[in-house]
Amino acid sequence: MTQPSLNEQIEKILTEEAAQIEKNSWGGKLKRLWRADNKKQALKAEFFAMWRGLSKKGIFTLFLIVAFIFMLIFSVL
């Protein structure tokens, strides 16, 4: 049994890292949603994963954006 060469090990690590980056990218998330059997459930899972990844500052910022847009629309009506 031979050990893989250093170049093969480096290539394996780089391939795994590229796959992980693709999985976590915007395009990777869209591909997962597109390929899912139950698109509604997949979208819900992605939304909750994004929500869990936000800090309190990020959640507060989203709240301010939604509130500002609501007030702009409400003032027009």
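**Entry 1: Phe47**

I looked up Phe47 and found it partly exposed, because its relative accessibility is 43%. The scale I used calls a residue buried under 20% relative accessible area, exposed over 50% and partly exposed in between, with a 1.4 Å probe and protein chains only. The model is predicted, so I note that local features need pLDDT of at least 70 and side-chain atom pairs count only at pLDDT 80 or more, while totals for chains, interfaces and linings use all residues. Residues are numbered from 1 along each chain as its sequence is written, and side-chain values use heavy atoms, with hydrogens and water left out.

Phe47 sits in helix H3, residues 39-53. Helices here are DSSP runs (H or I, at least four residues), as are strands (E, at least two), and they are numbered from the N terminus.

**Entry 2: the chain as a whole**

I counted 4 helices and 0 strands in the chain. In sequence order the pattern reads α-α-α-α. The radius of gyration is 21 Å, well over the 11 Å that the globule rule gives for 77 residues, so the chain is more spread out than a compact globule. That radius is taken over C-alpha atoms, and the rule is 2.2 Å times the number of residues to the power 0.38. I read the span of the C-alpha trace along its principal axes as about 75 × 30 × 20 Å.

Of the 77 residues, 8% are buried. I have the accessible surface at about 7500 Å², with 69% of it on carbon and sulfur atoms. These areas come from the Shrake-Rupley method with a 1.4 Å probe; for residues, only the protein chains shown count as cover.

**Entry 3: charges**

I looked up 12 positive and 7 negative charges, whose mean positions are 15 Å apart. Lys and Arg count as positive, Asp and Glu as negative, and His and the chain ends are not counted. Each charge is placed at NZ of Lys, CZ of Arg, CG of Asp or CD of Glu.

**Entry 4: aromatic rings**

I found 3 aromatic pairs. Rings of Phe, Tyr and Trp (its six-membered ring) pair if their centres lie within 6.5 Å; planes under 30 degrees apart are stacked, over 60 edge-to-face, and the rest tilted. Phe47 and Phe48 make an edge-to-face pair, 5.7 Å centre to centre with 65° between the planes. Phe70 and Phe74 are stacked, because their ring centres are 5.8 Å apart and their planes lie at 15°. Phe70 and Phe74 are 4 residues apart in helix H4 (residues 56-76), so about one helical turn separates them.

Phe48 is partly exposed at 40% relative accessibility, whereas Phe70 and Phe74 are both exposed. For Phe74 the value is 53%. From Phe74 to Ser5 I have 65 Å, C-alpha to C-alpha, at 69 residues apart in sequence.

Phe47, Phe48 and Trp51 form one aromatic cluster. At Trp34 I noted Lys39 over the ring face, 5.5 Å from the ring centre; the rule asks for NZ of Lys or CZ of Arg within 6 Å of the ring centre and within 35 degrees of the ring normal.

**Entry 5: Leu30**

Leu30 belongs to helix H2, residues 26-35. I list Leu30 as partly exposed, since its relative accessibility is 41%. Leu30 and Lys12 are 18 residues apart along the chain, and their C-alpha atoms are separated by 25 Å.
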